[in-house]
Amino acid sequence: MDINRYPDSRPVDRVVRVIESLAGNTLNGLSPGEIGKAAGASPAQITRLLAQLIRRGVVESARTEGRYRLGPAIVQIARAHELELARAERDLAEARQRYSRSPTTTTTE
């Protein structure tokens, strides 16, 4: 795919920036103002976006009221990716093992 053929999507870009801003802020989370500053959006825009992301499990409320952190959906996506990579590594190791064996020779008498 030639990504240059497609224009940037501001809403998608904003969602990605919100997710990126929350990464590494799991314990205390961030306020909508802090997220907005990192994502280049107003707190009102961020509040609306957070509501949608919370519904999808991508974001959740942090321990401190009015602060948000990444939700379980992000971890589940990352974990699924990690498991798929592990399966691929096992499959490659098995193929490597299978194809690196010395051929067995049989003699007929």
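The buried residues of helix H2 are covered by elements that include helix H1 (10–22), helix H3 (43–55) and strand S2 (68–70), where contact means heavy atoms within 4.5 Å. Helices (H or I, at least four residues) and strands (E, at least two) are DSSP runs numbered from the N terminus. The structure is a predicted model, in which local features need pLDDT of at least 70 and side-chain atom pairs count only at pLDDT 80 or more, whereas totals for chains, interfaces and linings use all residues. Residues are numbered from 1 along each chain as its sequence is written, and side-chain values use heavy atoms, with hydrogens and water left out.

Helix H2 itself spans residues 32–39, and its buried residues are Pro 32, Ile 35, Gly 36 and Ala 39, buried being under 20% relative accessible area, exposed over 50%, and partly exposed in between (1.4 Å probe, protein chains only). These residues lie on the same side of H2, because they cover an arc of only 100 degrees around the axis; the arc is that of the directions from the helix axis to the C-beta atoms. Just after H2, Gly 40 adopts a positive phi of about 70 degrees. When residues up to four places away in sequence are not counted, Ser 31 touches Gly 66 and Arg 67.

Two arginines in loops were also examined. Arg 56 is placed in the loop between H3 and strand S1 (59–61), and it counts as exposed because its relative accessibility is 68%. Arg 56 and Tyr 68, which are 12 residues apart in sequence, are 14 Å apart in space, C-alpha to C-alpha. Arg 63, in the loop between S1 and S2, counts as exposed at 63% relative accessibility.

Helix H4 comprises residues 72–100 and contains Leu 83, which counts as partly exposed at 36% relative accessibility. The C-alpha atoms of Leu 83 and Pro 72 are separated by 16 Å, the two residues being 11 apart along the chain.

For the protein chain as a whole, the secondary structure amounts to 4 helices and 2 strands, with the elements running α-α-α-β-β-α from the N terminus on. The radius of gyration is 23 Å, whereas a compact globule of 109 residues would have a value near 13 Å; this radius is taken over C-alpha atoms, and the globule rule is 2.2 Å times the number of residues to the power 0.38. Taken along the principal axes, the C-alpha atoms fill a box of roughly 85 × 40 × 20 Å. Of the 109 residues, 23% count as buried, and among contacts between residues at least 6 apart in sequence, 44% join residues at least 24 apart. The chain exposes about 8,700 Å², of which carbon and sulfur atoms supply 53%. There are 17 positive and 13 negative side chains, and the centres of the two sets lie 7 Å apart, with Lys and Arg counted as positive, Asp and Glu as negative, and His and the chain ends not counted.

Methods:
Areas by Shrake-Rupley, 256 points an atom, 1.4 Å probe, with all protein chains shown as cover. Charge placed at Lys NZ, Arg CZ, Asp CG, Glu CD.
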